[in-house]
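Please look over the sequence and the model below before reading on. The paragraphs that follow go from the whole chain to its parts.

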Amino acid sequence: MNGYSQRKSAIARFGSLFSFISLFFCANLPVQAQQADFAACLDRLQPEAQKAGISGQAFRQFTSDIVPDMSILEKLDYQPEFKQPIWDYMAALVDEQRIQEGKQNLSLHKHTLSRIQEKYGVDPATVVAVWGVESNFGQTFGKYPLTQALGTLSCYGRRQAFFQKEFFATLRILQSGDIAPERLVGSWAGAFGHTQFMPTTFERLAVDFDGDGQRDLMDNTEDALASTANYLSKNGWRSGQPWGFEVKLPDNLSIAGEGRKKKRSIQTWISKGLTDINGKALDTRVPTSMQAGLLTPAGAKGPAFLVFKNFDVIYSYNAAESYALAIAHLSDRLKGKGPFKNAWPTDDLGLSRAQRITLQKILLQKGYDIGEADGLIGSKTREAIKTEQTRLGLTADGRAGQKILRALQSSN
Ligand code: CA
């Protein structure tokens, strides 16, 4: 997912008629004309690729079989109609299953992780938490062949210049032999492997940690975990420092203008009346000179956190504060710490992945055509939930939360 949300937010800023028109025309060319058009585009790119260090032979070898996948352009232009509240996002990303699997992986890779900590200064729980959120510990890599996805995005749609750089990087990776062509699959936008690096990130930051001469983020856990640590280290990770912790706010504190980037010293936060979540003085946790921002993802009534430099480093992996909080919190849970003490300001909390699947199975039993019970809440599942909410006299917002799950379970 690295680089992914930067793209998404940039894309949201563009959203233009032009892209709709170009998508409409490109997506409606007959197949042969489409292929010819794509081949002409690759011909135009080849001299640029040469300048970018890809031999003519390698370019031909790795691009000759590509058929453009125009369905990717719909993903590029997709605007989510439904924004998950933070408690839904956290409930699915940091659920019991992920905590348990994370702990198993911590123990399974104990020796590698301790060597990684020695070399890069990043603790095992943080590395494993990133791994868990990025690829579900190597279980979800994405299914798009990278040359096809990035080739398509280099020739069609918005941001072709951006994707051409990633396309060329992909070709250089194949040329170098680090990863075999048939293994190089990932997200539609080009993030791949255990750590979901973009190809240019791979080139800059992937490492060969097991010493076999290849940097393999697809099939080599040691390389993948070390590359994650290297990423965090190169982005300024401060060894031994916490990402942050939950705090208790005084009643009268104004949170207007506060945030991750608005760093103040711990001394200042003490003078404003903040304590840690148990009411203990902040300087019993960290030095008073440390700089921290106040993060309140659901406003002053929800959980509040003081976040340090290391939170920003996690954020750099994928520019979304909710994402960084999920990784930060998962790393704490892997260390045996508990859930947030302060409750999210809602009477209808989010569902774990297992609960989402249970909900979908009930909907399937009731005859709704929502596809597979995969725990991913798409528009069909939301429509079915809406109908059931109406039937049961609940607010019909289509959201998959505890209330609708309980109502369906007890009415079943
Ligand atoms: Ca290796």
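Helices (H or I, at least four residues) and strands (E, at least two) are DSSP runs, numbered from the N terminus. This is a predicted model, in which local features need pLDDT of at least 70 and side-chain atom pairs count only at pLDDT 80 or more, while totals for chains, interfaces and linings use all residues. Residues are numbered from 1 along each chain as its sequence is written, and side-chain values use heavy atoms, with hydrogens and water left out.

The chain has 19 helices and 7 strands. Its radius of gyration is 23 Å, close to the 22 Å that the globule rule gives for 412 residues, so the chain is as compact as a globular protein of that length. That radius is taken over C-alpha atoms, and the globule rule is 2.2 Å times the number of residues to the power 0.38. Along the principal axes, the C-alpha atoms fill a box of roughly 65 × 55 × 40 Å. Of the 412 residues, 51% are buried; buried means under 20% relative accessible area, exposed over 50%, and partly exposed in between (1.4 Å probe, protein chains only). Among contacts (heavy atoms within 4.5 Å) with a separation of 6 or more, 69% are between residues 24 or more positions apart.

Which residues hold the calcium ion? Its protein donors are Asp-208 (OD), Asp-210 (OD), Asp-212 (OD), Gln-214 (O), Asp-223 (OD) and Asp-223 (OD), at 2.2 to 2.9 Å from the ion. Donors are N, O and S atoms within 2.8 Å of the metal (3.2 Å for Na, K and Ca); water is not among the atoms, so sites may look incomplete. Along the chain the donors follow the spacing D-x1-D-x1-D-x1-Q-x8-D. Asp-212 in the loop between helix H12 (199–205) and helix H13 (221–234) and Asp-223 in helix H13 are 11 residues apart, a pair that links distant parts of the chain. Asp-212 is partly exposed at 43% relative accessibility, whereas Asp-223 is buried at 0%.

The loop between H12 and H13 also holds Ala-206. With a relative accessible area of 6%, Ala-206 counts as buried. Leaving out residues up to four places away in sequence, Ala-206 touches Phe-197, Thr-201, Arg-215, Leu-217 and Ser-227. Ala-229 is 23 residues from Ala-206 in sequence, and their C-alpha atoms are 9.6 Å apart in space.

Next comes the sheet. Its 5 strands form an open sheet in the order E4-E6-E7-E3-E5, with antiparallel pairing. Strand E4 (264–265) and strand E5 (275–276) are at the edges with a single partner strand each, so one side of each has no neighbour in the sheet. Two strands pair if DSSP finds at least two bridges between them. Strand E3 (residues 244–248) and strand E7 (residues 304–307) run antiparallel and are joined by 4 bridges. Phe-245 has Leu-306 in E7 as its bridge partner.

Two helices remain to be described. In helix H10 (residues 146–155), which is mostly covered, 9 of the 10 residues are buried, including Leu-146, Leu-150, Leu-153 and Cys-155. Just after H10, Gly-157 takes a positive phi of about 80°. The buried residues of helix H19 (residues 402–411) include Gln-402, Ile-404, Leu-405, Ala-407 and Leu-408. Helix H17 (353–365) and helix H18 (379–391) are among the parts that cover the buried residues of H19.
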